[in-house]
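This briefing is for a reader who is new to the structure shown below.

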Amino acid sequence: MTNPTLWRYLQRFSVVAIAIILPLAIAFTHIPTAHAFDAPELLPEKYTNVIDLGRFLTDSEEIALDQKLTKFEEQTGWKLRVLTQVDRTPGRAVKEFWGLDESSIMLVADGRGRNLLNFSVGDAVYPLLSRSFWIELQSRYGNQFYVREQGYDQSILSAINAIATCLDQDGCAVVPGIPQEQWILTLVTSIVGGVIFGFAGHPRKEGEIFAWKWALIFTPLWGMLFISFGLGPVLVRTSEWIPIVRNVAGFVGGAVVAYLIPSPQKVPPTPEAR
């Protein structure tokens, strides 16, 4: 029979040996250098702003987009380029083909990933369009649900339109426009804020019509829901007045309904209870 004490020592020695040898083995293991793929033969013979290897755009859309990007560069100096790919990619060869620099933005639409859109952004662009802008842009127009409903072409064209709009107006903090699902969320938070405002205003004294004191006490709660989460996202993303009016109406409606709901009254004690 194996000595239990000896067995415990062997186990501890094995753990210590693995802890020492494994990091050394990883440190001295040769890892081959990754090389970006170059395939200049995939590039078109004629210069164009759009290389549609994935065939995500129709011929008319590709021509119109190429002309739009050329005109945009002439007017603003910003280079917008579009590359689509599925199983073939020219890799780094597009950088020399397009002469990409710090004032360039390359949209890469790759159908193999979970998100269709990727962006290569020059350093001169970030002061106008921050990293959070690109994350929001990618998640809004490149997600699988949007691509499935609108198509590859609309995903690409919508993203390009958003970029061009923001660069033309010297930058954006967020992606212009508000999606339907996001607006519904702002409407819900506006209504909830109104409900809290209405309940807080229930009269608590004889002859009191509205308890402004309590409504002001609850301002951080209903104000955050209505102003920060209800109106804020709409005001910074669109200049349209219809979603703003709807959110204000939702707040007022929620407040009126909550105010009209009778508050529970204290039942006076019976003579027996006294």
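The protein contains 10 helices and four strands. The model is a predicted one. From one end of the sequence to the other, the elements follow the pattern α-β-α-β-α-β-β-α-α-α-α-α-α-α.

**The protein as a whole**

- The protein has 274 residues, and 38% of them count as buried.
- Among contacts with a separation of 6 or more, 66% are between residues 24 or more positions apart.

**Helix α2**

- Helix α2 covers residues 59-76, and its 18 residues should span 26 Å at 1.5 Å a residue; the C-alpha atoms at its ends are 26 Å apart, which agrees.
- The buried residues of α2 are Glu 61, Glu 62, Leu 65, Asp 66, Leu 69 and Phe 72.
- Because these buried residues fall within an arc of 130 degrees when seen down the axis of α2, they line one face of the helix.
- The packing partners of the buried residues of α2 are β1 (50-52), β2 (79-85) and α6 (152-168).
- On the face of α2 turned away from its buried side are the exposed residues Ser 60, Ile 63, Gln 67, Glu 74 and Gln 75.
- Gly 77 follows α2 and has a positive phi, near 90 degrees.

**Ser 190 in helix α7**

- Ser 190 is part of helix α7, which runs over residues 180-200.
- The relative accessible area of Ser 190 is 0%; being under 20%, this value means that the residue counts as buried.
- Leaving aside residues up to four places away in sequence, Ser 190 touches Leu 225, Phe 226, Gly 230, Asn 247, Gly 250 and Phe 251.
- Ser 190 and Phe 229 are 39 residues apart along the chain, and their C-alpha atoms are separated by 7.5 Å.

**The nonpolar surface patch**

- Trp 214, Ile 217, Phe 218, Leu 221, Met 224 and Phe 229 form a nonpolar patch on the surface, and together they have about 540 Å² of accessible area.
- Two elements, α8 (212-217) and α9 (219-237), each give two or more residues to the nonpolar patch.
- Helix α9 supplies the largest share of the patch, with three residues.
- Ile 217, one of the patch residues, is found in helix α8.
- With a relative accessible area of 48%, Ile 217 is partly exposed, because this value lies between the 20% and 50% cut-offs.

Notes:
Residues numbered from 1 in each chain as written. Predicted model: local features only at pLDDT ≥ 70, side-chain atom pairs only at ≥ 80, totals over all residues. Heavy atoms only, no water. Expected span 1.5 Å × (residues − 1). Buried < 20%, exposed > 50% of the residue type's maximum accessible area, 1.4 Å probe, protein only. Arc of directions from axis to C-beta. Contact = heavy atoms within 4.5 Å. Patch = residues over 30% accessible without salt bridge, like charges linked within 9 Å, V, L, I, M, F, W, Y side chains within 5 Å. Areas by Shrake-Rupley, 256 points an atom, 1.4 Å probe, with all protein chains shown as cover. Salt bridge = Lys/Arg side-chain N within 4 Å of Asp/Glu carboxyl O.
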